[in-house]
Amino acid sequence: MSGTLVLDDTALSSIVTTLKNAATRMQTLSHSLRGLDDDVAGADPLIEGLHKMQEALSGRLGLLAVSLNELATKVSDVGTTLHDTDHKLGAAAAPGGHRREML
């Protein structure tokens, strides 16, 4: 590995897709946990413990899904910003384009 970070449209798109797929899976798992019938477990103390665990885990997975979707949006925003900046720099460097001197 060269240690150089390369972010092209394909890489950013792949990251966004991966994050959104993970978010969808977490959300599905969260909903599945909420729908479990923990009353079939048997003893009341066990049912109560399973119910608490189910609620906590379901809530955390739902929050993780929301966070992954937000991260996917941020990565997409980064891609848009990089694309816009690249376009502006390319236009400025083109013959007849506006140039600014850096002092």
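Predicted model: local features only at pLDDT ≥ 70, side-chain atom pairs only at ≥ 80, totals over all residues.
Begin by selecting residues 9–34, which form helix α1, and then residues 44–93, which form helix α2, giving each helix its own colour. If you turn the view until both helices can be followed along their length, you are looking at a pair that packs at an angle of about 165°, with the axes 8 Å apart. Since an angle over 145 degrees counts as roughly antiparallel, α1 and α2 are therefore described as roughly antiparallel to each other. The way in which α1 passes α2 is a left-handed crossing, and the residues of this contact divide into 18 nonpolar, 9 polar and 3 charged.

Next, select L12, V16, L19, A23, A65, L68, A72 and V75, and show their side chains, for these 8 residues make up the largest nonpolar core. The elements that give two or more residues to this core are α1 and α2. In soluble globular proteins, nonpolar side chains tend to be buried together.

Stay with this core and centre the view on one of its members, L19. Leaving aside residues up to four places away in sequence, which residues does L19 touch? They are L68, L71, A72 and V75.

Finally, move along to S30, which is also found in helix α1. Is S30 buried or exposed? Its relative accessibility is 0%, and because buried means under 20%, S30 counts as buried.

Conventions. Residues numbered from 1 in each chain as written. Heavy atoms only, no water. Core = buried A, V, L, I, M, F, W, Y, C linked by side-chain atoms within 4.5 Å. Buried < 20%, exposed > 50% of the residue type's maximum accessible area, 1.4 Å probe, protein only. Helix = DSSP H or I, 4+ residues; strand = E, 2+ residues; numbered from the N terminus. Contact = heavy atoms within 4.5 Å. Axes fitted to C-alpha atoms, helices over the stretch in contact; angles between N-to-C directions. Parallel < 35°, antiparallel > 145°, perpendicular 65-115°, else oblique. Left-handed = near helix turned anticlockwise from the far one by under 90°. Nonpolar A, V, L, I, M, F, W, Y, C, P; charged D, E, K, R; others polar.
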